[in-house]
Amino acid sequence: MIHIRRLSCAAALVAGVLLSPFPATAQEKIKIGLLPFSESLAVVIADKQGFFKAEGIEIETSKFDSGAVAVPVLQSGRLDIVLSSTVATFQAIEQGLDAVVLAPGAVVREAPPDTTTAVIVRKGSIGGLKELEGKRVAVNVINSTAWLHAVALLDKHGVDRTKVRFTEVPFPQMADALAQKRVDAVWNVEPFVTFMTKSGAARIMAYPYQETVPNMDISNYFAKESWIKANPDVVKRFKRAIDKATAEINSVSKEERDSWVAKFTGMKPEVVKDVSLPRFAADLNVPSLKANLDIAVKHKMIKPFDIDTMIYKP
(Lines give C-alpha, C1' and ligand atoms only; values in the text may rest on other atoms or scores of the structure.)
Protein backbone atom coordinates (compact mmCIF):
# COMPACT_ATOMS: atom_id res chain seq x y z
CA MET A 1 0.00 0.00 0.00
CA ILE A 2 2.80 2.32 0.97
CA HIS A 3 4.64 1.36 -2.22
CA ILE A 4 1.60 2.15 -4.36
CA ARG A 5 1.08 5.48 -2.57
CA ARG A 6 4.72 6.44 -3.23
CA LEU A 7 4.34 5.60 -6.92
CA SER A 8 1.17 7.66 -7.07
CA CYS A 9 2.92 10.64 -5.49
CA ALA A 10 5.81 10.31 -7.91
CA ALA A 11 3.44 10.12 -10.86
CA ALA A 12 1.59 13.20 -9.63
CA LEU A 13 4.88 15.08 -9.30
CA VAL A 14 5.93 14.17 -12.84
CA ALA A 15 2.53 15.12 -14.21
CA GLY A 16 2.70 18.44 -12.37
CA VAL A 17 6.05 19.23 -13.93
CA LEU A 18 4.88 18.25 -17.41
CA LEU A 19 1.61 20.17 -17.25
CA SER A 20 2.84 23.34 -15.50
CA PRO A 21 3.98 26.30 -17.64
CA PHE A 22 7.66 27.12 -18.01
CA PRO A 23 8.89 29.43 -15.24
CA ALA A 24 8.97 33.14 -16.04
CA THR A 25 12.74 33.13 -15.62
CA ALA A 26 13.31 30.72 -18.54
CA GLN A 27 15.30 32.50 -21.22
CA GLU A 28 15.41 32.18 -25.00
CA LYS A 29 18.72 33.44 -26.36
CA ILE A 30 18.71 35.50 -29.56
CA LYS A 31 21.88 36.51 -31.41
CA ILE A 32 21.44 39.95 -32.99
CA GLY A 33 23.67 41.81 -35.44
CA LEU A 34 23.53 45.60 -34.94
CA LEU A 35 24.86 48.67 -36.71
CA PRO A 36 27.19 50.88 -34.61
CA PHE A 37 24.85 53.86 -34.94
CA SER A 38 21.83 55.30 -33.13
CA GLU A 39 19.56 53.28 -35.45
CA SER A 40 20.23 50.32 -33.10
CA LEU A 41 18.76 52.17 -30.12
CA ALA A 42 15.57 50.09 -29.83
CA VAL A 43 17.52 46.90 -29.10
CA VAL A 44 19.79 48.75 -26.67
CA ILE A 45 16.82 50.15 -24.74
CA ALA A 46 14.86 46.89 -24.79
CA ASP A 47 17.87 45.26 -23.15
CA LYS A 48 18.72 48.03 -20.65
CA GLN A 49 15.11 48.58 -19.57
CA GLY A 50 14.42 44.87 -19.09
CA PHE A 51 11.86 44.53 -21.91
CA PHE A 52 13.63 41.48 -23.35
CA LYS A 53 13.96 39.92 -19.91
CA ALA A 54 10.25 40.46 -19.24
CA GLU A 55 9.56 38.49 -22.43
CA GLY A 56 11.87 35.67 -21.37
CA ILE A 57 14.54 36.63 -23.90
CA GLU A 58 18.29 36.90 -23.46
CA ILE A 59 20.23 38.65 -26.22
CA GLU A 60 23.77 38.45 -27.51
CA THR A 61 24.73 41.37 -29.77
CA SER A 62 27.50 41.91 -32.29
CA LYS A 63 28.26 45.14 -34.18
CA PHE A 64 28.80 45.23 -37.94
CA ASP A 65 29.82 48.17 -40.13
CA SER A 66 26.90 47.41 -42.44
CA GLY A 67 23.99 45.03 -42.83
CA ALA A 68 25.62 43.62 -45.95
CA VAL A 69 28.56 42.43 -43.83
CA ALA A 70 26.20 40.77 -41.33
CA VAL A 71 24.13 38.92 -43.94
CA PRO A 72 26.61 36.03 -44.50
CA VAL A 73 26.80 35.56 -40.71
CA LEU A 74 23.00 35.38 -40.56
CA GLN A 75 22.98 32.94 -43.47
CA SER A 76 25.44 30.68 -41.64
CA GLY A 77 23.19 30.53 -38.58
CA ARG A 78 25.57 32.43 -36.29
CA LEU A 79 23.06 35.28 -36.06
CA ASP A 80 19.29 35.10 -35.68
CA ILE A 81 18.28 38.71 -36.43
CA VAL A 82 20.10 41.53 -38.22
CA LEU A 83 19.59 45.28 -38.34
CA SER A 84 20.29 46.38 -41.89
CA SER A 85 19.61 49.15 -44.35
CA THR A 86 16.48 48.51 -46.39
CA VAL A 87 18.38 48.29 -49.68
CA ALA A 88 20.89 45.80 -48.22
CA THR A 89 17.91 43.67 -47.17
CA PHE A 90 16.57 43.81 -50.72
CA GLN A 91 19.96 42.75 -52.07
CA ALA A 92 20.10 39.82 -49.64
CA ILE A 93 16.68 38.64 -50.81
CA GLU A 94 17.72 38.88 -54.45
CA GLN A 95 20.81 36.79 -53.66
CA GLY A 96 18.56 34.01 -52.37
CA LEU A 97 18.26 34.70 -48.64
CA ASP A 98 14.80 33.82 -47.31
CA ALA A 99 14.64 37.13 -45.43
CA VAL A 100 11.55 38.48 -43.69
CA VAL A 101 11.40 41.99 -42.23
CA LEU A 102 10.23 42.01 -38.59
CA ALA A 103 10.25 45.69 -37.61
CA PRO A 104 11.58 49.08 -38.68
CA GLY A 105 14.90 50.29 -37.32
CA ALA A 106 15.01 54.03 -38.01
CA VAL A 107 12.81 56.33 -40.06
CA VAL A 108 13.79 59.29 -42.21
CA ARG A 109 12.62 62.60 -40.79
CA GLU A 110 9.83 64.55 -42.47
CA ALA A 111 11.74 67.85 -42.49
CA PRO A 112 15.37 68.99 -42.16
CA PRO A 113 17.65 68.25 -40.52
CA ASP A 114 17.82 64.57 -41.43
CA THR A 115 19.97 62.00 -39.68
CA THR A 116 20.62 59.70 -42.60
CA THR A 117 22.65 61.37 -45.35
CA ALA A 118 23.40 64.95 -46.30
CA VAL A 119 25.08 66.35 -49.39
CA ILE A 120 27.93 68.50 -48.09
CA VAL A 121 30.19 70.86 -50.04
CA ARG A 122 32.88 73.37 -49.16
CA LYS A 123 31.47 76.81 -48.46
CA GLY A 124 31.60 79.02 -51.54
CA SER A 125 32.46 76.16 -53.89
CA ILE A 126 29.24 74.80 -55.42
CA GLY A 127 25.90 76.56 -55.59
CA GLY A 128 23.51 73.79 -56.59
CA LEU A 129 23.22 70.12 -57.49
CA LYS A 130 23.42 70.80 -61.24
CA GLU A 131 26.98 72.04 -60.70
CA LEU A 132 28.03 68.55 -59.61
CA GLU A 133 28.31 67.52 -63.27
CA GLY A 134 31.98 66.98 -63.98
CA LYS A 135 32.80 66.93 -60.24
CA ARG A 136 34.10 64.26 -57.89
CA VAL A 137 31.54 63.07 -55.34
CA ALA A 138 32.27 60.76 -52.40
CA VAL A 139 29.91 58.00 -51.21
CA ASN A 140 30.83 55.31 -48.71
CA VAL A 141 30.22 52.46 -51.17
CA ILE A 142 29.09 52.50 -54.79
CA ASN A 143 25.88 50.46 -55.24
CA SER A 144 24.99 51.08 -51.58
CA THR A 145 21.88 52.74 -50.16
CA ALA A 146 23.64 56.11 -50.04
CA TRP A 147 24.80 55.79 -53.65
CA LEU A 148 21.34 54.71 -54.84
CA HIS A 149 19.61 57.72 -53.31
CA ALA A 150 22.40 60.01 -54.47
CA VAL A 151 21.66 58.93 -58.02
CA ALA A 152 17.89 59.28 -57.45
CA LEU A 153 18.39 62.81 -56.10
CA LEU A 154 20.51 63.82 -59.09
CA ASP A 155 17.88 62.41 -61.47
CA LYS A 156 15.16 64.37 -59.69
CA HIS A 157 17.08 67.60 -60.18
CA GLY A 158 17.92 66.96 -63.82
CA VAL A 159 21.60 66.23 -63.22
CA ASP A 160 23.28 63.93 -65.73
CA ARG A 161 24.69 61.36 -63.32
CA THR A 162 26.96 59.91 -66.01
CA LYS A 163 28.90 63.15 -65.74
CA VAL A 164 29.34 62.82 -61.96
CA ARG A 165 32.48 60.97 -60.88
CA PHE A 166 31.59 58.88 -57.83
CA THR A 167 34.42 57.70 -55.62
CA GLU A 168 34.38 55.54 -52.50
CA VAL A 169 35.49 57.15 -49.23
CA PRO A 170 34.63 55.82 -45.73
CA PHE A 171 32.32 58.15 -43.79
CA PRO A 172 34.92 59.10 -41.13
CA GLN A 173 37.42 60.13 -43.84
CA MET A 174 35.07 62.29 -45.91
CA ALA A 175 35.75 65.52 -44.00
CA ASP A 176 39.48 65.37 -44.80
CA ALA A 177 38.82 64.40 -48.41
CA LEU A 178 36.57 67.44 -48.86
CA ALA A 179 38.85 69.85 -46.99
CA GLN A 180 41.88 68.70 -49.00
CA LYS A 181 39.90 69.12 -52.23
CA ARG A 182 40.31 65.49 -53.23
CA VAL A 183 36.53 65.49 -53.78
CA ASP A 184 34.06 68.30 -54.47
CA ALA A 185 31.09 66.97 -52.46
CA VAL A 186 30.36 64.17 -50.01
CA TRP A 187 27.27 62.15 -49.08
CA ASN A 188 27.88 61.84 -45.33
CA VAL A 189 25.98 60.73 -42.21
CA GLU A 190 25.76 61.64 -38.54
CA PRO A 191 27.77 62.32 -36.43
CA PHE A 192 30.18 63.35 -39.18
CA VAL A 193 27.66 65.77 -40.71
CA THR A 194 27.59 67.71 -37.43
CA PHE A 195 31.41 67.69 -37.17
CA MET A 196 31.77 69.05 -40.70
CA THR A 197 29.16 71.79 -40.45
CA LYS A 198 30.36 72.95 -37.01
CA SER A 199 33.83 73.46 -38.47
CA GLY A 200 32.42 76.39 -40.44
CA ALA A 201 34.17 75.27 -43.63
CA ALA A 202 31.33 73.18 -45.10
CA ARG A 203 27.61 73.51 -45.71
CA ILE A 204 24.70 71.15 -46.33
CA MET A 205 23.29 71.41 -49.84
CA ALA A 206 20.53 68.77 -49.65
CA TYR A 207 19.07 65.86 -47.69
CA PRO A 208 18.68 63.07 -50.28
CA TYR A 209 16.29 60.72 -48.49
CA GLN A 210 13.87 63.50 -47.59
CA GLU A 211 13.59 64.32 -51.28
CA THR A 212 13.57 60.80 -52.73
CA VAL A 213 11.44 58.83 -50.23
CA PRO A 214 10.38 60.99 -47.25
CA ASN A 215 9.32 59.10 -44.09
CA MET A 216 10.90 55.90 -45.36
CA ASP A 217 12.18 53.08 -43.18
CA ILE A 218 15.90 53.54 -43.72
CA SER A 219 16.76 50.40 -41.76
CA ASN A 220 14.97 47.31 -40.47
CA TYR A 221 15.31 44.15 -38.40
CA PHE A 222 15.08 40.99 -40.43
CA ALA A 223 15.55 37.25 -39.98
CA LYS A 224 15.45 34.13 -42.11
CA GLU A 225 11.96 32.84 -42.76
CA SER A 226 13.08 29.36 -41.78
CA TRP A 227 14.21 30.65 -38.35
CA ILE A 228 10.93 32.55 -37.88
CA LYS A 229 8.88 29.44 -38.67
CA ALA A 230 10.97 27.41 -36.22
CA ASN A 231 10.65 30.06 -33.46
CA PRO A 232 7.26 31.78 -33.90
CA ASP A 233 6.70 32.54 -30.22
CA VAL A 234 10.22 33.93 -29.75
CA VAL A 235 9.69 36.25 -32.72
CA LYS A 236 6.44 37.58 -31.25
CA ARG A 237 8.15 38.24 -27.93
CA PHE A 238 11.06 39.97 -29.68
CA LYS A 239 8.63 42.22 -31.55
CA ARG A 240 6.74 43.10 -28.35
CA ALA A 241 10.00 44.08 -26.63
CA ILE A 242 11.12 46.20 -29.59
CA ASP A 243 7.71 47.94 -29.71
CA LYS A 244 7.97 48.77 -26.00
CA ALA A 245 11.48 50.15 -26.52
CA THR A 246 10.30 52.26 -29.45
CA ALA A 247 7.53 53.76 -27.31
CA GLU A 248 10.10 54.44 -24.57
CA ILE A 249 12.47 56.18 -26.98
CA ASN A 250 9.69 58.39 -28.27
CA SER A 251 8.46 59.34 -24.80
CA VAL A 252 11.63 60.20 -22.88
CA SER A 253 13.50 63.49 -22.90
CA LYS A 254 16.21 64.28 -25.45
CA GLU A 255 18.75 64.26 -22.62
CA GLU A 256 17.91 60.69 -21.68
CA ARG A 257 17.96 59.56 -25.32
CA ASP A 258 21.32 61.27 -25.77
CA SER A 259 22.76 59.43 -22.77
CA TRP A 260 21.71 56.07 -24.25
CA VAL A 261 23.26 56.94 -27.61
CA ALA A 262 26.50 58.08 -25.97
CA LYS A 263 26.85 54.82 -24.05
CA PHE A 264 26.14 52.61 -27.07
CA THR A 265 28.18 54.48 -29.71
CA GLY A 266 31.01 55.66 -27.47
CA MET A 267 30.49 59.28 -28.55
CA LYS A 268 31.07 61.98 -25.95
CA PRO A 269 27.84 63.37 -24.42
CA GLU A 270 28.75 66.92 -25.49
CA VAL A 271 28.98 65.68 -29.07
CA VAL A 272 25.74 63.67 -28.99
CA LYS A 273 23.68 66.66 -27.82
CA ASP A 274 24.40 68.44 -31.11
CA VAL A 275 23.80 65.41 -33.32
CA SER A 276 20.41 64.86 -34.97
CA LEU A 277 18.86 61.51 -33.99
CA PRO A 278 16.55 59.46 -36.22
CA ARG A 279 12.85 58.88 -35.75
CA PHE A 280 11.61 55.52 -34.55
CA ALA A 281 8.34 53.77 -35.38
CA ALA A 282 6.71 50.49 -34.36
CA ASP A 283 5.04 49.73 -37.68
CA LEU A 284 6.68 49.14 -41.04
CA ASN A 285 6.02 51.79 -43.68
CA VAL A 286 5.24 49.37 -46.50
CA PRO A 287 4.63 52.08 -49.17
CA SER A 288 8.14 53.42 -48.45
CA LEU A 289 9.60 49.94 -48.88
CA LYS A 290 7.89 49.67 -52.25
CA ALA A 291 9.14 53.14 -53.27
CA ASN A 292 12.67 52.12 -52.28
CA LEU A 293 12.39 48.95 -54.33
CA ASP A 294 11.14 50.92 -57.34
CA ILE A 295 14.21 53.18 -57.21
CA ALA A 296 16.55 50.20 -56.87
CA VAL A 297 14.88 48.44 -59.81
CA LYS A 298 15.01 51.61 -61.93
CA HIS A 299 18.76 51.87 -61.41
CA LYS A 300 19.28 48.15 -62.05
CA MET A 301 20.54 47.33 -58.55
CA ILE A 302 17.77 44.79 -57.93
CA LYS A 303 15.23 42.82 -59.92
CA PRO A 304 11.55 43.40 -59.01
CA PHE A 305 9.83 41.12 -56.51
CA ASP A 306 6.68 41.14 -54.37
CA ILE A 307 7.34 43.24 -51.24
CA ASP A 308 4.46 41.60 -49.39
CA THR A 309 6.35 38.29 -49.33
CA MET A 310 9.07 39.82 -47.15
CA ILE A 311 6.81 41.37 -44.49
CA TYR A 312 6.42 39.57 -41.15
CA LYS A 313 2.85 38.54 -40.46
CA PRO A 314 2.28 37.16 -36.92
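Which side chain of opposite charge is nearest to buried lysine 224, and how far away is it? The first view gives the answer.

This is a predicted model, in which local features need pLDDT of at least 70, side-chain atom pairs count only at pLDDT 80 or more, and totals for chains, interfaces and linings use all residues. Residues are numbered from 1 along each chain as its sequence is written, and side-chain values use heavy atoms, with hydrogens and water left out.

**View 1. Lysine 224 is buried without a salt bridge.** Lysine 224 belongs to strand β10, residues 219-224. Strands (E, at least two residues) and helices (H or I, at least four) are DSSP runs, numbered from the N terminus. Buried means under 20% relative accessible area, exposed means over 50%, and partly exposed lies in between (1.4 Å probe, protein chains only). The nearest side chain of opposite charge is aspartate 98, 5.5 Å away. Lys and Arg count as positive and Asp and Glu as negative; His and the chain ends are not counted. A salt bridge needs a side-chain nitrogen of Lys or Arg within 4 Å of a carboxyl oxygen of Asp or Glu. The lysine 224 side chain does reach the backbone oxygen of glutamine 75, at 3.3 Å. Residues touched by lysine 224 include Leu74, Gly77, Asp80 and Leu97, leaving aside residues up to four places away in sequence. Contact here means heavy atoms within 4.5 Å.

**View 2. Strand β10 pairs with β3 and with β4.** Six of the six residues of β10 are buried, so this strand is largely enclosed by the rest of the structure. Two strands pair if DSSP finds at least two bridges between them. Strand β3 (residues 81-85) runs antiparallel to β10, over five bridges. In that pair, valine 82 faces phenylalanine 222. Strand β4 is also antiparallel to β10, again joined by five bridges. Here proline 104 stands opposite asparagine 220. Strands of a sheet pair through backbone hydrogen bonds, either parallel or antiparallel.

**View 3. Five strands make an open, mixed sheet.** The strand order is β7-β6-β8-β5-β9. β7 (165-168) and β9 (202-206) are the edge strands; each has a single partner, so one side of each lacks a neighbour in the sheet. From one strand to the next, the twist averages 30°. Alanine 138 sits opposite valine 186 of β8.

View 4. Proline 113 lies in the loop between β4 (99-104) and β5 (118-122). Proline 191 is in the loop between β8 and α8 (192-198).

**View 5. Asparagine 143 and lysine 181 have positive phi.** Asparagine 143 lies in the loop between β6 and α6 (145-156). With 43% relative accessibility, asparagine 143 is partly exposed. Lysine 181 occupies the loop between α7 (174-179) and β8. Lysine 181 is exposed, at 55% relative accessible area.

Notes:
Axes fitted to C-alpha atoms, helices over the stretch in contact; angles between N-to-C directions. Polar contact = N/O pair within 3.5 Å; in protein donor to acceptor, adjacent residues only side chain to side chain.
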